[in-house]
Amino acid sequence: MTAVGFCGEWFVFTCDKKLVAIHTKRARESFVFDCSTAEKKPTNTKDDNNSDGGASEETGSDKVLAFSVSPSGKLVALTDDTKRLVLFHCEPSWQCISIRWVVRRCTSLMFSQAEDELLATDKSGDVYSFSVVEPQREGELKMGHLSMLLAVSMSPDDKYIITADRDEKIRVSHLRSPYNIQSFCLGHQQFVSALLVPSGHPHWLLSGSGDGTMKLWEYESGRELQSWDLKELEETQSSEADKQKVTKMPTVCRITSSADARHVAVQCERVSTVHFFTVDQEGEEKLVPHRRVSLSHCPLDMTFDPEGRLWVLMDSSDAPLQIYTHRRDSWECDAESPELNRVTEAFKPHWDTLEASTKTNNRFEHLYKVSFDNVTTYLQKKRQRLEKQQQKRGVAQKANSNKKTKKETSEAVTESST
């Protein structure tokens, strides 16, 4: 998985088997963690539930599947295809705190606001809790869904855990007693791929889906406040040439908000645009579509830095990184930023690895459900069957009519001869 984030003043990105951290302000040595050279799971360690086709943990590809940064920006966690769960701290220097093992391959990670707990969701629909205070302690099962979990979030007061799955459901549960469900946020028509409780709005929840929509919820009650069809926004703000390209339903793969709680940016998979929303504070607070920025290449991931600038990682070897700054009510590309030049220069040695990982970066394509219209097929076959029956009856009636005519003709001939 290719992803980016900020850990204080460190720009962090993952690609293929590596996590790389580059300091944006000072000329400090970059930190690189390669999962392929990390500690292997002891062969005598027993799993209580060895799934994923019965393969052992040592057969994983070591590719990074998810990573998360703590609210304070002092901790980072990642999980990989070999089922490692790695915890780091980045200040005063980068250091690996622990390597633990998860039961199944994970899909997303999330730190609690208190930074004493790390939540991990997996492909079987379970949520495990790992202690940050005791970094060697094994995880404990917290809760579960009946289908694959794709995203997790938490309320800023650590009261609720919010989970989203492949079956279009968003569940809001009490963190300390997850069997106690507070609400469901229902309305998406496809899998829910992204969740965010935006900065400065602790009662809001933003969700993105494979149905091409982003919705705003009051998650405690499960009430939908607003909804946007991003394909319609794309068509509304596009030229006629661009409209012809918007043929497939976009999958929302990233929702991120600025630290000042004023801006929200939305990215769709394999779509070379970024949608910006702003918080309208006149009257009842709501989100308003603000700008649509066209990019030269498809973005791989994006994140806001502590100063409110949007960093976009793109599928381009010429300019893999771009920074967008909000000026005069518009978003402008800041190509002369010294931080951008410093990070791009340190980024170059890892480009080949990133380029190889982006070739298989279609994370959500296989999650779409294929629907079968059995009723239409049944009605077509029934109509064909009835037509054949009518044809057979017509042939039989015609044969009977011919026999009757012949019989009457023979009888008439017999009477005339006598």
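I count two strands as paired if DSSP finds at least two bridges between them, and I take strands (E, at least two residues) as DSSP runs numbered from the N terminus. I am working on a predicted model, where local features need pLDDT of at least 70, side-chain atom pairs count only at pLDDT 80 or more, and totals for chains, interfaces and linings use all residues. Residues are numbered from 1 along each chain as its sequence is written, and side-chain values use heavy atoms, with hydrogens and water left out.

**Sheet.** I looked up the strand order and found an open sheet of four strands, E17-E18-E19-E20, with antiparallel pairing. E17 and strand E20 (223-229) are its edge strands, each pairing on one side only. I then followed E17 to strand E18 (residues 204-209), and the two pair in the antiparallel sense over four bridges; Ala 194 has Gly 208 in E18 as its bridge partner.

**Loop between E17 and E18.** I found His 201 in this loop, and His 201 counts as buried because its relative accessibility is 8% (buried means under 20% relative accessible area, exposed over 50%, partly exposed in between, with a 1.4 Å probe and protein chains only). Setting aside neighbours within four places in sequence, I list Ala 261, Val 279 and Glu 285 as in contact with His 201, where contact means heavy atoms within 4.5 Å.

I placed Leu 186 in the loop between strand E16 (181-185) and strand E17 (192-196); Leu 186 counts as exposed because its relative accessibility is 52%.
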